[in-house]
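Subject: The structure we talked about

Hi there,

Here is the structure I promised to pass on. Have a look around first, then read my notes below.

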Amino acid sequence: MDRYGKLLTSTIISLLLLNSGCGANKNEEVFNQKTCEYETKITKSTPEVLSTTYDKCVMDSPKAEAKQELEEFKGNLQHIFFHPLIIYPKMAFDGDYLSQGYDDWFVTVSEFKKILDNLYAKNFILVDIRDTYDVFEIDGKRIIKMKKLMVPKGKKPLIISIDDMNYYQYMIDNGNAHKLIIDADGAIKTYSTNEKKEKIISDDNDIVPILDKFVEQNPDFSLNGAKGIIALTGYEGVLGYRTNDVKSDNLNSERTEAERLIEKLKENGWSFASHGYGHLDTNEISFKRLEKDTLRWKNEVEPLIGPTPVYIYPFGSTVNYNDTKFKFLMDNGFDVFCGVGPETITEYKKDCILTDRRPIDGYSFHNNSKNLVDLFDCDQILDKFRPKSN
Ligand SMILES: [Zn+2]
């Protein structure tokens, strides 16, 4: 349990995987980057390997395919995370009971853009978490191994995730977007309302459209078109669509719209993770409650996003590898377990990966700025609209 478990209140903040049935006998499936297809080879050697790279070639731009010298990355793979961005700081920092939470756990649009510029200048390159490890199956047992990560010379791989991109009602009321939408030209944008209640559609107001645009302009910021991981709960639907409200007349249209959007996000290099259904504290709750919560997520959210091997602990509240809850989550298809910590420390167990992600938020800006210098300079990015109380 880290500071997230203690300080976040539930009111405030609240992959395609890899085929889990992988490893056909004596077949080796290899993903061919050029043709975007799996090649199945009969091999005599074991173990069988299922490549964790998939249908991402569609977004490889000609610029990104330019021949670059690759080298194996041997350093510490960084993983940072955000929440949806504050578009309207005056709504977030209006002095109500959520203002402190917004100051602590959120980043504004202007801060995010400066962070991106810093990361790019420091030679980071986005990678897909699914490209960082291999899954084997030997005698019916899943085996996970770190993969040799090849990146353009001089680049440092980086994984980004966004937690709670559900656009909960409290977010809509406090200056975040209402939802993501696809515009007539097929671009993903945000729909929001500003302080004057004017409706705003923009490609410049949250992480997804901003990063999509940034990578389009700077293809060398992304390896094979990778973007980030979107971690979703289910209790208020997903991505601003109320797919949870089974009694609503709009349920079918909300689900259809969400599915269309999810398809587009995947095409653009985004992937998804489970963040639990009800944003419950995985470590604190009983086994029965975790079971119920996980199955509800699998029934309501997984059909929309597809299976994912990534589990992002709500509140960063982890459980031990030997815990029966952990085994239960693994049995439900999760291979990668993400907590929160000041450093990205990744542990490769024989059958799963445990990793900590670094929080990028106001709390870190105010209390941990020295620890962020490898990523960006806090003094340079801090939004003038943030309360000065800290
Ligand atoms: Zn969360």
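Before anything else, one term: two residues are in contact if their C-beta atoms, placed from the backbone, lie within 7 Å. With that in hand, look at where two helices meet: F287, L290, E291 and T294 in α8 meet T324, K325, F328 and L329 in α10. Keep in mind that this is a predicted model.

Let's stay with that helix pair for a moment. Two packed helices are described by the angle between their axes and the distance between the axes. Here, α8 and α10 (residues 324–331) pack at about 15°, and their axes are 10 Å apart. Angles under 35 degrees count as roughly parallel, so α8 is roughly parallel to α10. Their crossing is right-handed.

F287 belongs to α8, which covers residues 287–300. Is F287 buried or exposed? It counts as exposed, because it has 11 C-beta neighbours inside 10 Å and the cut-off for exposed is 12 or fewer. Leaving out residues up to four places away in sequence, F287 touches T324 and K325. F287 and D323 are 36 residues apart along the chain, yet their C-alpha atoms are separated by 9.8 Å.

Now zoom out. The protein chain has 12 helices and 19 strands, and 44% of its 390 residues are buried.

Next, find the open sheet made of 3 strands, in the order β11-β12-β13, with antiparallel pairing. β11 (179–182) and β13 (199–202) are at the edges with a single partner strand each, so one side of each has no neighbour in the sheet. On average, neighbouring strands here are turned by 30° against each other, if you ignore direction. β11 pairs with β12 (residues 188–193) over 4 bridges in the antiparallel sense, and I182 has I188 in β12 as its bridge partner.

Two helices pack on this sheet, and both α6 (residues 207–217) and α7 (residues 251–267) touch β11 and β12. The direction of α6 makes about 145° with that of β12, while the direction of α7 makes about 80° with that of β11. Which residues of α6 are buried? They are I207, V208, P209, L211, D212, F214 and V215. These buried residues pack against β11 and β12, and also against β5 (78–82), α4 (109–121) and β10 (156–163).

α7 turns up again in another place. The chain goes from β14 through α7 to β15, a β-α-β crossover that is right-handed. β14 and β15 pair in the parallel sense over 4 bridges, with A231 standing opposite A273 in β15. In β15 (residues 271–274), S271 and A273 point one way and F272 and S274 the other way, and all are buried.

R242 and N252 are 10 residues apart in sequence and 9.9 Å apart in space, C-alpha to C-alpha.

Notes: Residues numbered from 1 in each chain as written. Predicted model: local features only at pLDDT ≥ 70, side-chain atom pairs only at ≥ 80, totals over all residues. Buried ≥ 20, exposed ≤ 12 C-beta atoms within 10 Å, placed from the backbone. Pairing = 2+ DSSP bridges. Axes fitted to C-alpha atoms, helices over the stretch in contact; angles between N-to-C directions. Right-handed = clockwise from strand over helix to strand, strands pointing away. Parallel < 35°, antiparallel > 145°, perpendicular 65-115°, else oblique. Left-handed = near helix turned anticlockwise from the far one by under 90°.
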